[in-house]
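Let's go through some of the labels attached to this model and check each one against its cut-off. Ready for a few "how do you know" questions?

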Amino acid sequence: MSETVRVRFAPSPTGFLHLGGARTALFNWAFARKYGGVFVLRIEDTDLSRSTEESVRVILESLRWLGLLWDEGPEVGGPYGPYFQSQRLHLYREYAEKLLQKGLAYECFCTPEELKERKERVIAQGGSWRYDRRCLHLSAREREAFRREGRKPVLRFRIPEGTTTFVDMLRGDVTFDNGELDDFVILKSDGMPTYNFACVVDDALMRITHVIRGDDHISNTPRQVLLYEAFGFPCPQFAHIPMILGKDRTRLSKRHGSPSVTYYRDMGYLPEAMVNYLARLSWATGEEEKEIFTREEIIERFSLEQVTKHAAVFDLDKLNWMNGVYLRAANPERLAGILIDILKRQGKVTGEDLTPEFSAYCRRVMALMRDRIRYVAQVLEEAEYFFTEHYEYDPQAVESVLFEEKVPEILGTSYELLKDLEPFDAATIEKAIRSEAERRGLKAAQFIHPLRVAVSGKKVGPGLFELLEVLGKERVLARIARTLRFLERG
């Protein structure tokens, strides 16, 4: 590409960063990185009643967590700022005035009530409503009279006759009949710009060369193309990527797994796994047997021509599988840090608990558990016994294991056996337990199963001897003693 590629991601700060938005950001970022271009972040916060600083913070945090760092935008700056639309209102007024002076826009004094009444009348007669241009040819006297009534006009863009065609990089030529478009509002009565108008002004002034966004924006594109032409701005290239749906082919929502990026961060998914998974939604590399892609491979291989036109399906099971692959390759120290963050968020540890010894313990826990989990928080869902002495015994485990006749004797023997055992590591523990079982003419399982339930409350889990080593002698002995008291109480 001869000119410098400039792309943008332009979220509205009215909530969290949605997975669909994250994938749009990813595709823009990958496109910019592949062609040595510029990735711009713009915050579209003209809906002042719904936009919040907290949402801005969450969006920025989410993008940083994913590693989608922007070259221009909030907290970074750049030559075409400001990068918040709420700080660019003077520009929208200036460019709206240019259209007004050219006769390409006009003031409309129709009230919402009048518009509603006329719309309902047209629909009742079987028609299709578009603004009827009631205010297109108002005289200066009529406009002044409306102003004296206290009416504040909106500014409408005048749609020309004919058709509007643009090239979509995924779909080829797309043509709209201008007769199907009405004279849309570009400035509201309070002076705030509408989406289509602000978007065009910003993309033009920020020198955006490629607009890569969701295909729910296709119907906006002809309006925007007409605005580019009205201003004499060069038109960017467009690529409308398919939406992400749930397995039931409906719009992605909480019933398919949370649509929020921060949810996955807080549950202990790894950002490189999320980026890998999002990249594969609607992007076909031609290497269908290959699922795991590094960030560098995504940049190297990414092509809009390989993005499919049909909707992507979000599959939580596949994401969990992919994250599991990354977890197994991850450094336990890094995973321990993620686990500690989760423990802090859940209020299970406080500042005084965060000792070097506790961090080392978390590293051992993650080294033991990472092959068994799909996300870090799963440790607390399935093995909370690592972090509390108040775990409950699984009723089935009590019935089928602890209530066996020889269990109190076996646990008592195990207590005495382990009390003085050194070193307290998996190999030494296993040798001692198996030797004792053999000496008593018992199967090793007759020791292993009661011990597992005693120290974890569960019938299944990681290898028992490794589990005992990680828990440490003090915890193990205390838990065996606790279980013996439980059995004495019956």
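Q: What counts as a helix here, and where does that put E469?
A: A helix is a DSSP run of H or I with at least four residues, numbered from the N terminus. E469 is found in one of these, helix α19, which covers residues 464–471. Keep in mind that this is a predicted model.

Q: Why is E469 called partly exposed?
A: Its relative accessibility is 34%. Buried means under 20% and exposed means over 50%, so E469, at 34%, falls in between and counts as partly exposed.

Q: What makes F424 a contact of E469?
A: Contact means heavy atoms within 4.5 Å. Leaving aside neighbours within four places in sequence, E469 is in contact with F424, D425, A426 and I429, so F424 has passed that cut-off. F197 is another story: 272 residues away along the chain, its C-alpha atom is separated from that of E469 by 64 Å.

Q: Why is R479 called buried?
A: R479 has a relative accessible area of 0%. The limit for buried is under 20%, so R479 qualifies. You'll find R479 in helix α20, residues 473–489.

Q: How do you know that R479 and E389 make a polar contact?
A: Their side chains come to 2.8 Å.

Q: What makes β8 and β9 a pair, and in which sense do they run?
A: Two strands pair if DSSP finds at least two bridges between them. β8 and β9 have five bridges, in the parallel sense, so they count as paired. R213 stands opposite H240 in β9.

Q: Why is strand β9 described as mostly covered?
A: Four of the five residues in β9 (residues 237–241) are buried. Buried means under 20% relative accessible area, so four residues of β9 are under that limit.

Q: What lines the largest pocket, and how do its residues split by class?
A: There are 29 lining residues, with F9, G20, G21, D216 and H217 nearest the centre. Elements giving two or more residues to the lining are β1 (6–9), α1 (19–34) and β8 (210–214). α1 gives the most, four residues. The space in this pocket is about 820 Å³. By class, the lining has 12 nonpolar, nine polar and eight charged residues.

Q: What makes the phi of R133 and R207 worth a look?
A: Most residues other than glycine have a negative phi. R133 is not a glycine, yet has a positive phi of about 60°, and R207 likewise has a positive phi of about 60°. R133 is in the loop between α4 and α5, while R207 lies in the loop between α6 and β8.

Q: Why is R207 called partly exposed?
A: R207 has 47% relative accessibility. Exposed would need over 50% and buried under 20%, so 47% leaves R207 partly exposed.

Q: Which peptide bonds are cis, from G81 to P82 and from E422 to what?
A: The bond from G81 to P82 is cis with omega near 0°, and the bond from E422 to P423 is cis with omega near -10°.

How values were computed
Residues are numbered from 1 along each chain as its sequence is written. This is a predicted model: local features need pLDDT of at least 70, side-chain atom pairs count only at pLDDT 80 or more; totals for chains, interfaces and linings use all residues. Side-chain values use heavy atoms; hydrogens and water are left out. Buried means under 20% relative accessible area, exposed over 50%, partly exposed in between (1.4 Å probe, protein chains only). A polar contact is a pair of N or O atoms within 3.5 Å; within protein, one must be able to donate a hydrogen and the other to accept it, and residues adjacent in sequence count only if both atoms are side-chain atoms. On a 1 Å grid over the protein atoms alone, a cavity is a set of points where a 1.4 Å probe fits but cannot get out, and a pocket is an open set with protein on both sides within 12 Å along at least five of seven lines; lining residues have an atom within 4 Å of a point. Grid points are joined across faces, edges and corners, and a volume is the space filled by probe spheres set on the points. Ala, Val, Leu, Ile, Met, Phe, Trp, Tyr, Cys and Pro count as nonpolar, Asp, Glu, Lys and Arg as charged, and the others, Gly among them, as polar.
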